[in-house]
Amino acid sequence: VAADKLRKDQQEFIFNVISNADSSGILSVEQYIEKFVDINDIKNKLSYPGTHHDNPLYQTFDQIFYGHELYLKLFKKLSQFSEPGLINNDAVIVTDNLIEKLTKKFTDKISIVSGRGKESVRYSLKSILDKFDLKNSAFLEDESRELAKPNPESLIRSIRGMACTCCIYVGDSMEDLIMAKKATEQGYKTIFCGIIGTSKNPQAKLKLFQNNGTLIVLDSIDLLPKVLNLE
């Protein structure tokens, strides 16, 4: 909508917006666009940012992603789509064997800080989820918008809850790396471990992590016990 109003090529405009985004994420995108054009009309039509109940974009995305059964369970509403949800394409990289090895080292101090909601994570992880410290985990889709990554507050909350003096945070995105760095800056020492095997371009992701000072980069999370001398 902004590109059309500005009479700019949409693809070119999108990449321009991305190049001007910063660690505040979507907020920086909104602020950048609004410097050039008024988009309140489309925001009002979409009740943006709003809630799932108000925003048709949220509703459509969630229906496609969760599928009709999980969507009904989560939102008590029927989906407009009958196809299986895209969530079924998830490749679950955490295994019982991995959690068992980590538990031996870190006892019960293993938690999750995820951008997804709890029930979405449970759908994918199933019984494995219960092996984490759920009291000190965070599922950001269930939280307020301000806590979205890379805001470190949810990670800091998890570290405090588990009374950790040093934390290893495993993630596969730049947002994860920024969040770990911000937690460290605020006095909660966090070592970031970047996973590149989940990326469509692992070598590009490797370079990104290396250029931003990541100490540990692994192709697969299954290599973590070896790096930590647990096997």
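At 32% relative accessibility, R145 counts as partly exposed, a class that runs between buried (under 20% relative accessible area) and exposed (over 50%), with a 1.4 Å probe and protein chains only. The model is predicted, so local features need pLDDT of at least 70 and side-chain atom pairs count only at pLDDT 80 or more, while totals for chains, interfaces and linings use all residues. Residues are numbered from 1 along each chain as its sequence is written, and side-chain values use heavy atoms, with hydrogens and water left out.

- Domain 1 gives 13 residues to the contact and domain 2 gives ten residues, where contact means heavy atoms within 4.5 Å.
- About 950 Å² is buried between domain 1 and domain 2, and carbon and sulfur atoms give 55% of this area. Buried area is the accessible area (1.4 Å probe) that two parts lose on being put together, summed over both.
- Four residue pairs are in polar contact between domain 1 and domain 2, both residues being at pLDDT 80 or more. A polar contact is a pair of N or O atoms within 3.5 Å; within protein, one must be able to donate a hydrogen and the other to accept it, and residues adjacent in sequence count only if both atoms are side-chain atoms.
- On the side of domain 1 that touches domain 2, α3 (26-34) and α5 (56-75) each supply at least two residues. The largest share, five residues, comes from α5.
- Helices (H or I, at least four residues) and strands (E, at least two) are DSSP runs, numbered from the N terminus.
- That side of domain 1 has nine nonpolar, two polar and two charged residues. Nonpolar covers Ala, Val, Leu, Ile, Met, Phe, Trp, Tyr, Cys and Pro; charged covers Asp, Glu, Lys and Arg; the others, Gly among them, count as polar.

**Salt bridges**

- The structure holds eleven salt bridges, each defined as a side-chain nitrogen of Lys or Arg within 4 Å of a carboxyl oxygen of Asp or Glu.
- Two salt bridges are found across the interface of domain 1 and domain 2.
- R145 and E30 form a salt bridge through their side chains, at 2.4 Å from N to O. R145 lies in the loop between β2 and α8 and E30 lies in helix α3, so the pair ties together parts that are 115 residues apart in sequence. E30 counts as buried, at 15% relative accessibility.
- K43 and E34 form a salt bridge in which the closest N and O atoms are 2.7 Å apart. K43 is buried at 17% relative accessibility, whereas E34 is partly exposed at 37%.
- E119 and K73 form a salt bridge with the closest N and O atoms 3.9 Å apart. E119 is in helix α7 and K73 in helix α5, 46 residues apart, and the pair links distant parts of the chain. E119 is partly exposed at 31% relative accessibility, and K73 is exposed at 51%.

**Backbone features**

- Y48 and P49 are joined by a cis peptide bond, with omega about 0°. P49 is in the loop between α4 (40-45) and α5.
- K149 and P150 are also joined by a cis peptide bond, with omega about 10°. P150 is in the loop between β2 (138-139) and α8 (153-161).
- R7 is a residue other than glycine with a positive phi, near 55°. R7 sits in the loop between α1 (2-6) and α2 (10-19) and is exposed, with a relative accessible area of 80%.
- K126 is not a glycine, yet has a positive phi of about 55°. K126 sits in the loop between α7 (118-125) and β2 and counts as exposed at 56% relative accessibility.

**Surroundings of R116**

- R116 lies in the loop between β1 (113-114) and α7 and is partly exposed, with a relative accessible area of 25%.
- Leaving aside residues up to four places away in sequence, R116 touches F65, I87, D90, V121, S124, F139, L140 and E141.
- The side chains of R116 and D90 are joined by a polar contact of 2.6 Å.
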